[in-house]
Amino acid sequence: MSLIQRIDALLPQTQCGKCGHAGCKPYAQGIASGEAINKCPPGGQETIAGLAQLLQLPVVELDHSRGEAPAQIAHIREAECIGCTKCIQACPVDAIVGAAKLMHSVLIDECTGCDLCVAPCPVDCIDMLPLPMARVLPIVGGLASSAEQLQARAAKRDHARRRFEQRNDRLQREEARRLAERQARAQR
């Protein structure tokens with residue numbers, strides 16, 4: 001694995017942007033280029049310690065100016081949802097399902113708790129609720145207490161990374177298709 005991949009593997013894969021980047025991999029690229037390792041609220045001190053060990057840097061305190069990232073999950077109040085699809089478009093891991101003008105739902109096991117779906121909702125029907133820890137494995141740092149839980153969380157982070165990458169690939173294919181259709185119409 002490259003250095004960027006090893007750094008990315010330590011990040012929580014919430015894709016929340018609280019670090020100032022458009023996702024965990026761009027932040028990993030920034031860290032590999034010398035950026036500070038303490039900008040990830042979802043990763044917390046656990047991630048900072050892992051990054052410090054990997055990069056042979058001193059452990060520093062989390063930059064709290066970037067906000068908090070508790071173990072949380074999006075919940076759509078279905079009776080209030082107007083089916084605008086803005087939350088679906090905002091979700092970086094395709095954890096929200098639904099269709100235009102129909103109610104939307106959050107796939108609990110897929111939601112990373114990034115809260116990117118909250119702001120675009122025009123009717124304010126999305127709440128960020130505490131993660132039901134008895135049912136859902138947390139993706140954020142500091143909540144795994146055993147080697148087994150750490151391994152399970154690493155697998156969940158890998159899954160979230162794949163969903164993010166698959167979503168980006170799909171969006172690129174859709175954009176390329178739309179561009180080809182526009183060009184075909186223009187040629188007619």
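Reader: What should I know about the model and its numbering before asking about residues?

Author: Residues are numbered from 1 along each chain as its sequence is written, and side-chain values use heavy atoms, with hydrogens and water left out. Since the model is predicted, local features need pLDDT of at least 70 and side-chain atom pairs count only at pLDDT 80 or more, while totals for chains, interfaces and linings use all residues.

Reader: Why is Q13 called buried?

Author: Buried means under 20% relative accessible area, exposed means over 50%, and partly exposed is in between, with a 1.4 Å probe and protein chains only. Q13 has a relative accessible area of 0%, and therefore counts as buried. Q13 lies in the loop between α1 (3–10) and α2 (24–32), where helices (H or I, at least four residues) and strands (E, at least two) are DSSP runs numbered from the N terminus.

Reader: What makes the pair Q13 and Q15 a polar contact?

Author: A polar contact is a pair of N or O atoms within 3.5 Å; within protein, one must be able to donate a hydrogen and the other to accept it, and residues adjacent in sequence count only if both atoms are side-chain atoms. The side chains of Q13 and Q15 make such a contact at 2.9 Å.

Reader: Why is R77 called partly exposed?

Author: The relative accessibility of R77 is 25%, so R77 falls in the partly exposed class. R77 is placed in the loop between β1 (72–76) and α4 (86–90), and its side chain reaches the backbone oxygen of D124 at 2.6 Å.

Reader: How do you know that E46 and R153 form a salt bridge?

Author: A salt bridge is a side-chain nitrogen of Lys or Arg within 4 Å of a carboxyl oxygen of Asp or Glu. The closest N and O atoms of E46 and R153 are 2.0 Å apart, and the pair forms a salt bridge. E46 lies in helix α3 and R153 in helix α5, so the pair ties together parts that are 107 residues apart in sequence. At 29% relative accessibility E46 is partly exposed, whereas R153, at 4%, is buried.

Reader: What makes D115 and K18 a salt bridge?

Author: Their side chains meet at 3.9 Å, N to O, and the limit for a salt bridge is the one already given. D115 lies in the loop between β3 (105–106) and β4 (126–130) and K18 in the loop between α1 and α2, so the pair ties together parts that are 97 residues apart in sequence. D115 has a relative accessible area of 29% and is partly exposed, whereas K18, with 18%, is buried.

Reader: How is a pocket told from a cavity?

Author: On a 1 Å grid over the protein atoms alone, a cavity is a set of points where a 1.4 Å probe fits but cannot get out, whereas a pocket is an open set with protein on both sides within 12 Å along at least five of seven lines; lining residues have an atom within 4 Å of a point. The largest pocket holds about 170 Å³ of space, and its lining includes E46 and R153. The largest share of that lining, four residues, comes from α5. The lining of the second largest cavity includes K18.

Note on methods: Grid points are joined across faces, edges and corners, and a volume is the space filled by probe spheres set on the points.
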